[in-house]
Amino acid sequence: MSLGTQDKINKEDHLKPFFQELVDIIKLEKPSKEKLANLKIKLCAKHKVKKIPTDIEILLNAPNSDFSKIKKLIQTKPTRTISGVAIVAVMTKPHKCPHGKCTICPGGIKSTFGTVPQSYTGHEPATMRGIRNKFEPYTQVFNRLEQYIVLGHVPDKVELIIMGGTFISTNQNYKLNYVTGCFQAMNDFSKLFFSKGKLNIKKFKEFFELPGRVGDEKRTKLIHAKINKLIEKTKQKKTKNKKQLNKTELKKELIHAQKNNEKTKIRCVGLTIETRPDQGRASHGNEMLDLGTTRVELGIQSVFDHVLQKINRGHDVNESIKSIQELKDLGFKLNFHYMLGLPGSNPKKDLEGLNELFKNQNFRPDMLKIYPCMVMPGTKLEKELENNEYKPISTKTAAEIIAKFKKFIPTYCRIMRVQRDIPPQLAVAGVDRSNLRQIVDQVCKKQNIRCRCIRCREIGRAKKVEKIELIDQKYKASNGTEFFISAEDKKNDVIAGFCRLRFPSKQAFHPKQIRSEITKDSALIRELHVYGEAESIKQNKEKNKKINKSTQINAKTATQHKGLGKKLLNHAEQIAKQNKKNKIIVISGIGAREYYRKLGYKKQGPYMVKNI
Ligand code: SF4
Ligand SMILES: [Zn+2]
């Protein structure tokens, strides 16, 4: 789901007569569920509407005068988001990176693209949302949650992603206020629009002035005024006539907002922060833990010092290695950003670098975003290109390198993206197509390469699922021991869920203990992930019904899938015990704490722990 989808839904005025006719017929004929489904398809064809609307969408687009009548006639319970987790990406205000500027980096204060967050252009969906909402965290979160509901989903499990420049290097009050704002938005949204777990559609519709159009200035102003009132209300409660809170008070506020989020409807089950290795050391990690962070997107960009130097990265490979180890020892999941086609590299070196990421135990990421370099206007790299000092990477070369790399990606890693979300037409040179992933897939097909990363083997993509069993994979990473425990159907090469267990490195205790909760006999659970639980199975069953072939998931498999999280966790606990560990430490999203409490875990600092 993307902002674009909703923009289209609201912008295309031809949808008005479509919804009007649909509502009129529903009022008149009071159709059954089945008949309503057929009616939707028929009218979509008539009005050339590409996406069949959900029942919630019909209700939100019905004229207010018809609201009550329609509500009684159609199913209005929104569904959980398809993947089980709703991504809410928020953009921080434009700020400078502490080391200066990388030669490849677009955006920033007073850039060619205007004053936009560093490393962005103002044209990415999350940046556009940020600009529209003046980079206010509260408003951005509210806005994104609204979009999920409009599309018929309840975003009750949120993965929050904080983007833009190097957030962790900004001043502490800004960081505390920012993250608190995000949590408060989720809490207030839950309180305002949900009662006893159910969505109050009428209230939601009124608040967001629906039906309405995104970009309609009058509507935006009205909504912003209401949201600002909510922000003011919280601020007044907080400050009690004092002008500004000090750091200690701000920290208290954050803890309060986090605590409320533990049991509210819209819960933050994961928080991701983007950072660079020199701003990703143990001290930054500890701060990120207090903010509620569970995953770090770490811009390592290259494993070659001369390349990092050429792009004025401001840190070396050694710094990346230290940062990776410290963050893993604190329990974070790590998603590396790695660039291809940088100055000083070439296709051979690029492939070597990708290979090194897994051959060398100092790297070994859990997730990976591969970004072929794009030459952006206003950057130093653009000048180098003009002076013939740099040769950009082409779409074809990038696709070939990534396809080759897919041959050796280990099964414990997930390739998240293969290109930036910057529209290619904004670039001066470099990858010029926005569908690089598909181009890579075509190369793989031709050369008979099958990617075995987590993403490519997820149950939601599977054609057939039979017997799911637990598989252990042990490997060394950043001087610690990792166990990748996966729930897989070996025969069909499908993964239904997994758990990452780590025994920290010796350096986590020498020269000093990295964090008081983490003792020498502790085992860390860095990630526990079950693919949408029954969701993916349901989805496949639906697909199966529709296309009547290919996907086959039987009832036995569905039962196996249930309670998989608990099974994986139990198994991890067993491994820890066998290795004489006496404490399990889980890096849990704030909104997932209750889940662990039910399984006998207790909160200790930012973690959930259990003595075993
Ligand atoms: S660290 Fe990232 S955001 Fe900062 S200048 Fe370099 S590329 Fe840009
Ligand atoms: Zn893959």
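User: In this predicted model, which residues does I454 touch, leaving aside those up to four places away in sequence?
Analyst: The model is a predicted one. I454 lies in helix 19, which covers residues 454-457. With residues up to four places away in sequence not counted, the residues that I454 touches are C413, R414 and I495.

User: Is I454 buried or exposed?
Analyst: A residue counts as buried if 20 or more other C-beta atoms lie within 10 Å of its own. I454 has 23 other C-beta atoms within 10 Å, and therefore I454 is buried.

User: How far apart in space are I454 and H99, C-alpha to C-alpha?
Analyst: In sequence, I454 and H99 are 355 residues apart. In space, their C-alpha to C-alpha separation is 35 Å.

User: Which strands stand at the edges of the open sheet of seven strands?
Analyst: The seven strands follow the order 17-18-19-20-22-24-23, with mixed pairing.

User: Which residue in strand 18 is the bridge partner of L470?
Analyst: Strand 17 pairs with strand 18 (residues 480-489) in the antiparallel sense, over nine bridges. Within strand 18, the bridge partner of L470 is A487.

User: How many residues of strand 20 are buried?
Analyst: Strand 20 is mostly covered. Of its nine residues, the number buried is nine.

User: In which sense does strand 20 pair with strand 22?
Analyst: Strand 20 pairs with strand 19 in the antiparallel sense over six bridges, and I525 in strand 20 stands opposite L501. Towards strand 22, L524 has I585 as its bridge partner. Strand 20 and strand 22 are joined over four bridges, and the sense of their pairing is parallel.

User: How many residues of the shell around ligand 1 are charged?
Analyst: The residues around ligand 1 are C97, K101, C102, C105, Q118, S119, G165, T166, R276 and G299. Three residues of this shell are nonpolar and five are polar. The number of charged residues is two.

Methods: Residues are numbered from 1 along each chain as its sequence is written. Chains are lettered from A and ligands numbered from 1 in the order in which they are written. This is a predicted model: local features need pLDDT of at least 70, side-chain atom pairs count only at pLDDT 80 or more; totals for chains, interfaces and linings use all residues. A residue is near a molecule or strand if its C-beta atom, placed from the backbone, lies within 6 Å of it. Ala, Val, Leu, Ile, Met, Phe, Trp, Tyr, Cys and Pro count as nonpolar, Asp, Glu, Lys and Arg as charged, and the others, Gly among them, as polar. Two strands pair if DSSP finds at least two bridges between them. Helices (H or I, at least four residues) and strands (E, at least two) are DSSP runs, numbered from the N terminus. A residue is buried if 20 or more other C-beta atoms lie within 10 Å of its own, exposed if 12 or fewer, and partly exposed in between; C-beta atoms are placed from the backbone. Two residues are in contact if their C-beta atoms, placed from the backbone, lie within 7 Å.
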